[in-house]
Amino acid sequence: MVDLATRWMGLTLKSPVIVGAGPLSQDPDAARQAVEAGAGAIVMHSLFEEQLAEEQMAAHLMIDALADHDAEAGGFLPAAAFSMDGEGYLAELAALKRAVDVPVIASLNGISAGGWTHYAGKLAAAGADALELNLYDIAIDFTEDAAAVEARQTALVRAVVGAVAIPVTVKLAPTYTALPAFAARLQGAGAQGVTVFNRLFDPRVDLDALEVQRHLELSTPAELPSRLHALAILSARVPGLDLACSGGIHAGQHAAQAIACGATVVQVTSATLAHGPDRIATIRDGLAHALDAGGYRSADALRGILNLDRAPDPTAWTRLNYVRTLDGWRSILNQRT
Ligand SMILES: Cc1cc2nc3c(=O)[nH]c(=O)nc-3n(C[C@H](O)[C@H](O)[C@H](O)COP(=O)(O)O)c2cc1C
């Protein structure tokens, strides 16, 4: 019997297989089902900076309106100005906490340090066991260079961490020039974990309609290797940072690979949406089987065994691997001719 118990950012989880951010958390019954299937924690869908900014705007409107009119003037306010997104999210969090007995991680999604970050404190007060801060940033300003983007994001992380006493993991895009250095800087700003990676939902171009269209499809395991690469490097180079793998976990083998590369937990979103919350049990059991087959008595024993420091050939994670891989193709082509 292998031991799947895991410590993640100070939280004790019964399993490192957890539900990743997405719509499942909006349905307490589905979340309960995922937990019954063995999920060690639930990450909620995100509350967006834009939603909170709207809410703040609504609050200002109300204050202005009340200043202009008498005490009954509240009745003049357009109902639509009151976006209850933030409050609705708190209610959802409370419902989720009642439904499950595992840690619930609230998700904030934003890129600028500002008034909205005080919501982190509200989420903690409402019972969130941790926060995941999703930095979904798209660079469109040519005057803001990479160093400035990272400085802004680090300041945001510091502000969110400073607003709460619960642990914070930062969900990153796969596109940083120097990921280990940036992750270390986030750790310095107080983040206890990093989640690799954010999935970038790139729009599609429709030439017939002459439109740029939103596009969402579920992941496949093809997304896993880029995560494994980052995990292998970060787990070796940024000690003490708890790593979550998000992207391409569809089977127990994938979970085992991520842990071998240094993940503390694996987050599962697409697989639960495609196959239902019970898919967590398949992945959890597959992980246990992989550990057993490899002679590992716990997930901890496997963790990081193939990372940049510990792999039998660490150059497999470096530039040298690129050179050899291309070389390998050449010899395959040579064999064919
Ligand atoms: C329908 C859907 C909704 C999602 N919503 C969120 C979200 O609210 N916040 C977030 O950080 N990630 C969100 N994600 C991204 C997932 O958390 C995850 O990072 C990504 O899908 C890769 O993991 P997977 O291969 O297990 O799906 C969403 C993904 C999908 C497919």
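**Ligand contacts, strands and salt bridges in a predicted model**

Biologist: How far is an oxygen atom of the ligand from an N or O atom in the side chain of S219?

Modeller: The separation is 2.5 Å, between a ligand oxygen and an N or O atom of the S219 side chain. This is a polar contact, meaning a pair of N or O atoms within 3.5 Å; within protein, one must be able to donate a hydrogen and the other to accept it, and residues adjacent in sequence count only if both atoms are side-chain atoms. The model is predicted: local features need pLDDT of at least 70, side-chain atom pairs count only at pLDDT 80 or more, and totals for chains, interfaces and linings use all residues. Residues are numbered from 1 along each chain as its sequence is written, and side-chain values use heavy atoms, with hydrogens and water left out.

Biologist: What do K171 and G247 contribute?

Modeller: K171 places a polar side-chain atom 2.9 Å from an oxygen atom of the ligand. G247 uses its backbone, where a polar atom is 3.3 Å from a ligand oxygen. The ligand taken alone exposes 600 Å², and the protein buries 91% of that. These areas come from the Shrake-Rupley method with a 1.4 Å probe; for residues, only the protein chains shown count as cover.

Biologist: Which residues around the ligand come nearest?

Modeller: There are 21 residues around the ligand, and A21, N134, S219, S246 and S270 come nearest. A residue is counted as near if one of its heavy atoms lies within 4 Å of the molecule or strand in question.

Biologist: S246 has a bridge partner in strand 12; which residue is it?

Modeller: The partner of S246 is Q267. Strand 11 (residues 242–246) runs parallel to strand 12, and three bridges join them. Two strands pair if DSSP finds at least two bridges between them. Helices (H or I, at least four residues) and strands (E, at least two) are DSSP runs, numbered from the N terminus.

Biologist: And what about strand 3?

Modeller: Strand 3 (residues 17–19) also runs parallel to strand 12, with three bridges between them. V19 is opposite V268 there.

Biologist: Which way do the residues of strand 12 point?

Modeller: V265 and Q267 point one way and V266 and V268 the other, and all are buried. Buried means under 20% relative accessible area, exposed over 50%, and partly exposed in between (1.4 Å probe, protein chains only). In a regular strand, side chains alternate between the two faces of the sheet.

Biologist: How many residues of strand 4 are buried?

Modeller: Six of the seven residues of strand 4 (residues 42–48) are buried, so the strand is largely enclosed by the rest of the structure. Strand 4 pairs in the parallel sense with strand 5 (residues 104–109) over five bridges, and L47 stands opposite L108 of strand 5.

Biologist: Changing topic, what is the reach of helix 3?

Modeller: Helix 3 (residues 85–99) has 15 residues and reaches 21 Å from its first C-alpha to its last, close to the 21 Å expected at 1.5 Å a residue. That expected span is 1.5 Å times one less than the number of residues. The buried residues of helix 3 are G86, Y89, L90, L93, L96 and A99.

Biologist: Which residue does K97 bridge to?

Modeller: K97 forms a salt bridge with D129, with the closest N and O atoms 2.9 Å apart. K97 lies in helix 3 and D129 in the loop between helix 4 (119–125) and strand 6 (130–134), so the pair ties together parts that are 32 residues apart in sequence. A salt bridge here is a side-chain nitrogen of Lys or Arg within 4 Å of a carboxyl oxygen of Asp or Glu. K97 is partly exposed at 30% relative accessible area, and D129 is partly exposed at 22%.

Biologist: How many salt bridges does the structure hold?

Modeller: It holds twelve. One of them joins R152 and D137 at 3.0 Å, N to O. R152 lies in helix 5 (residues 146–163) and D137 in the loop between strand 6 and helix 5, so this pair ties together parts that are 15 residues apart in sequence. D137, E144 and R152 are linked in a network of salt bridges.

Biologist: Where is the cis peptide bond?

Modeller: The cis bond runs from V196 to F197, with omega near -5°. F197 lies in the loop between strand 8 (193–196) and strand 9 (204–206).
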